[in-house]
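Take a slow look at the model below.

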Amino acid sequence: MSALLAKVNKLKDELNHHNYQYYVLDCPEISDSGYDKLLRELQEIEAQYPELVTPDSPTQRVGATPLTEFNSVKHEMPMLSLANAFSDKEFSEFNQRVVDLLIKADVCNSSDIKYAAEPKLDGLAISLLYEKGILVRGATRGDGSTGEDVTQNIRTIETIPLKLLGNKTPSRLEVRGEVIMDKKGFEKLNQVQRKNNEKIFANPRNAAAGSLRQLDSRITATRPLSFFCYGIGIISDDVALPDTHSGIMALLKSWGMRVNPESKVVVGVSGADSYYENLLNKRESLEYEIDGIVYKVDNLAQQKILGFVARAPRWAIARKFPAHEEMTRVLGIDIQVGRTGALTPVARLEPVFVGGVTVSNATLHNQDEIERLDIRVGDTVVIRRAGDVIPQVVNVVLSKREGKPRKFKMPTHCPVCGSLAVRNENEVVTSCSGGLFCEAQGKQAIIHFASRKAMNIDGLGDKLIELLVDEGLIKTSADLYSLTHEQLAGLERMGDKSAAKLLNALSQSKQTSFARFIFALGIHDVGETTAKTLAENFQSLEELELASVDELLSIRDVGPVVANNVMTFFKQKHNREVIDALLDAGIHWPKTSPVSKQAQTLAGKTFVITGTLSDMSRDEAKQALQALGAKVTGSVSKKTDYVVAGESPGSKVDKAQQLGVEILSEAQLKAFL
Ligand code: 5U1
């Protein structure tokens, strides 16, 4: 047994050492899998011999039985707050008070005070109590005198050592610092919360606080929390203390505590200013959120002389960065129509300076988000803008709501073109159904109309379409066919030759296929394949226009969303007018026979096409195969029946060979077709 105990202790020491290398020194010595292997080894022994499990074992971070409430913890030494400086002037006034007091006390003869500077993390202040080197309690700051015992939750945070390193540790030590959630972890957590229909956190600080105040520590264990220490509370007198704050931080680091790597000793106002500038520039690129800098007089004897006012030390100050969150009022809720027809509610705000810019609008995303926030015109709201992220409404300050403002409802019609606004079941977005006509969607609709897989109008690129719309020469795709040589040749960077070429391409595009034409209309959710299915199932455009939902739903691969979108699209008078104009311009296609009459000789077969084909494009081959009922996919699997290999086919052929899938040459494909 003693050999086993020695083995367990060795494993624990090794794991603690690697934790320290990874989290504190940012210098891992083994790979993640190497670490996991050691951890598994320890877990296996502990599972077999539960009597060997100790509270400081690195395996004990997974959470424990849920609590019914948190116990109160009275802090032996109050957890102080910090005075703030919101400008250079306020910082320099703070510095002057420090200098004056120290000169008066005769402990300083220069105005160049040394400050320990470090980022002010936007998290949750906590106290960690170590007895004989073992973490015995973790508590929140609470009101500074009394906090809550969150030990079970604290133990799940990997950056907090369960045992101090080294053998010269104090018998009693209280470490203070901040629990945070980094930006990436916060985004990921909210994604998961959204998916599970759970509470969305407004910012990383709220997410960290919410996670730490979980009664079920197994939930906390799943949250991406981490910790940086920033000082000590109580410490037993069995270790010699350095005479500076920076010295204490170095000592804490040697005991395994994570110290912020941006920490630095600076001298005087000029040193403090350049540290401020430097960190402000770095702010957005840091992995976690910071809201300023904490400057502490580094010399502990000087700190003692300076003492405290109220509940804040005279020897420290938080120099705040421009806020990421501010309050303002909602003046109105407007609807913006996007290029794809999505109707987005946008809060019009009383302008407010936040995150370094003046914000007067914030997106409200959709009706669900408005309901979640319960936001109404006239409300006071908290606006957040961090980094390049677009401004968001964090929450409504309900205590400031006046009267009983009406709930907001999405409009029933597009505010730009008056077409019906549609929200399909299971979708959050409400969209304008006037795709061809709506001016807001104009450019995007025309770009789609002209694209290769739609009307394939050679030489009509995005930029030229934008120019044509901006110059007022076209409003809808039908207008393209009335453009004159004169109009085109007169445009910037278009000469006679390009104009003639474009007119020729426009003329050629008039001869198309029914499927391409349907796809070109840009009906929501009607992609290339659906357009093809529709074309195969209707003899003419008139038939499609008049199709009932039931008729549409009876078609393979057409679901309720597509059926509804198709119906609504053709119901819009504006859309029908543009279609008529397109047909009047001469767009036509050969009549196709309905799919039921075509032989579906390849129904149930799955093909993959790879490499370059010489006599047809891959798209054409795909369409031809689909016309015979085959399914064409992009990757080879056990379900693939045939891989068609053109020239330079690549790895798909290797995979087909491995899986024993039949490989066809282009000639064999033609035989199939
Ligand atoms: N980084 C840091 N944050 N913070 C908060 N240091 C720091 N120090 C604090 C507080 C409240 O208080 C001590 C100055 C007592």
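How much space lies in the second largest cavity? The figure is about 50 Å³. Keep in mind that this is a predicted model. Rolling a probe the size of a water molecule over the atoms shows where empty space is left.

In total, the structure holds two cavities of 30 Å³ or more. The largest cavity contains about 110 Å³ of space. Its lining is made of 13 residues. Those nearest the centre are Asn16, Asn19, Tyr20, Pro161 and Gly256. Here the classes come to six nonpolar, four polar and three charged residues.

Step back to the whole chain. Its secondary structure comes to 24 helices and 24 strands. The C-alpha atoms fill a box of roughly 95 × 65 × 50 Å along the principal axes. A compact globule of 673 residues would have a radius of gyration near 26 Å. This chain has 34 Å.

What about contacts along the chain?

The surface comes next. Of the 673 residues, 47% count as buried. The chain exposes about 34,200 Å². Carbon and sulfur atoms supply 49% of that area.

Finally, zoom in on two loops. Asn456 sits in the loop between α12 (442-450) and α13 (462-470). Its phi is near 50 degrees, which is a positive value in a residue other than glycine. Is Asn456 buried, exposed or partly exposed? Asn456 counts as partly exposed because its relative accessibility is 39%, between the cut-offs of 20% and 50%.

Ser648 lies in another loop, the one between β23 (642-645) and α23 (651-659). Ser648 has a positive phi too, near 45 degrees, and is likewise a residue other than glycine. What is the relative accessible area of Ser648? The value is 65%, so Ser648 counts as exposed, the cut-off being over 50%.

Note on methods: Residues numbered from 1 in each chain as written. Predicted model: local features only at pLDDT ≥ 70, side-chain atom pairs only at ≥ 80, totals over all residues. Heavy atoms only, no water. 1 Å grid on protein atoms, 1.4 Å probe; cavity = no way out; pocket = protein on both sides within 12 Å on 5 of 7 lines; lining within 4 Å. Points joined across faces, edges and corners; volume = space filled by probe spheres on them. Nonpolar A, V, L, I, M, F, W, Y, C, P; charged D, E, K, R; others polar. Helix = DSSP H or I, 4+ residues; strand = E, 2+ residues; numbered from the N terminus. Rg over C-alpha atoms; globule rule 2.2 N^0.38 Å. Buried < 20%, exposed > 50% of the residue type's maximum accessible area, 1.4 Å probe, protein only. Areas by Shrake-Rupley, 256 points an atom, 1.4 Å probe, with all protein chains shown as cover.
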